[in-house]
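Welcome, and thanks for taking a look at this one with me. Please have the sequence and the coordinates open side by side as you read.

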Amino acid sequence: MYRTQNIDSNSNATNAIRTIALGAAAAKPAAVKPMISVAGAQQNELLRALSRTDLEALFPHLELVPMVAGKHLYDFGSKFDYAYFPTNAIVSLLYVMEDGATTEIGVVGREGVLGLAMYDAERATCSAVVQTAGYAYRLKSSVLRELVAAGGAMAQLLMRYTFAMFAQLAQNVVGGRHCSIEQKLCRWLLDRLDRSLSDEIKVTQDTMASMLGVRRETITMTARKLQADGLIQYRRGTVAILDRAGLEACAGTCYRAGKIGFEQMQASAWNNA
């Protein structure tokens, strides 16, 4: 915006110079909040399990946000300001050691929610880092707590989801101790495949090694074996799943046990929706 400076009243009007000064930059148009639709929100399976009435009642509180790969939604010890319902993004739950080493303890995609806090003073016990970019619907934690306190459909869904997540975390503990690296890698790939919209997973060997807490060379040898067996095809930065059934057979109970909880949750949610 431009503004005309005041002319000195002592100057001769004919000789006065009207000076145009650059004022404050023109205000940018306010960002338009993306429209929230039933079809869009239902890309997240928890939101999809709500009745249309309950889902539309959330619209004034939902915000569609981009999930950039590498973004930290929260870290150990931080307060939960928002809960995130991913649609096509995949988020790793990581435990970071004092020396900087990381181990994945869980994974969340379109089947779930992140940042679920039941009381205001609750703090994160791990870090949540976006692994696969996409989008999520964001809801203030305070709003979600009010919904849970009121009971109803959302409270029931979140209780079922908490049970399923506990089963996943428990299986991670058991698998970390008793499963072979081949089984753990198969399960890790299947966990991503379940939450992906394609049969290809964008990931590097360094990332897989970090998530599984092993050396990169170990991942290289294991991936080569899976490829030789016709289960996957690995190209630089991309793993294509060629034989899902074979991958599940290779993973064995390391994968199935953790998946049962989510299958039970989904069946119960849809039967009661």
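Ile-219, Thr-220, Thr-222, Ala-223 and Leu-226 are the buried residues of helix 8, where buried means under 20% relative accessible area with a 1.4 Å probe, protein chains only. The model is a predicted one, in which local features need pLDDT of at least 70, side-chain atom pairs count only at pLDDT 80 or more, and totals for chains, interfaces and linings use all residues. Numbering starts from 1 along each chain as its sequence is written, and side-chain values use heavy atoms, with hydrogens and water left out.

**Helix 8 itself**
- Helix 8 covers residues 216–228; helices here are DSSP runs of H or I with at least four residues, and strands are E runs of at least two, numbered from the N terminus.
- After helix 8 comes Gly-230, with a positive phi near 80°.

**Packing partners**
- The buried residues of helix 8 pack against helix 6 (181–195), helix 7 (205–212), strand 11 (232–235) and helix 9 (244–251).
- On the helix 7 side, Gln-205, Asp-206, Met-208, Ala-209 and Leu-212 meet Arg-216, Ile-219 and Thr-220 of helix 8, contact meaning heavy atoms within 4.5 Å.

**Geometry of the helix 7 and helix 8 pair**
- Their axes, which are lines fitted to C-alpha atoms over the stretch in contact, come within 8 Å and cross at roughly 110°.
- Helix 7 and helix 8 are therefore roughly perpendicular, a label for angles of 65 to 115 degrees.

**The whole chain**
- The protein chain has 10 helices and 12 strands.
- Of its 273 residues, 42% count as buried.

Definitions and conventions: The expected span of a helix is 1.5 Å times one less than its number of residues. Buried means under 20% relative accessible area, exposed over 50%, partly exposed in between (1.4 Å probe, protein chains only). Axes are lines fitted to C-alpha atoms, for helices over the stretch in contact, and angles run from 0 to 180 degrees between N-to-C directions. Angles under 35 degrees count as roughly parallel, over 145 as roughly antiparallel, 65 to 115 as roughly perpendicular and the rest as oblique.
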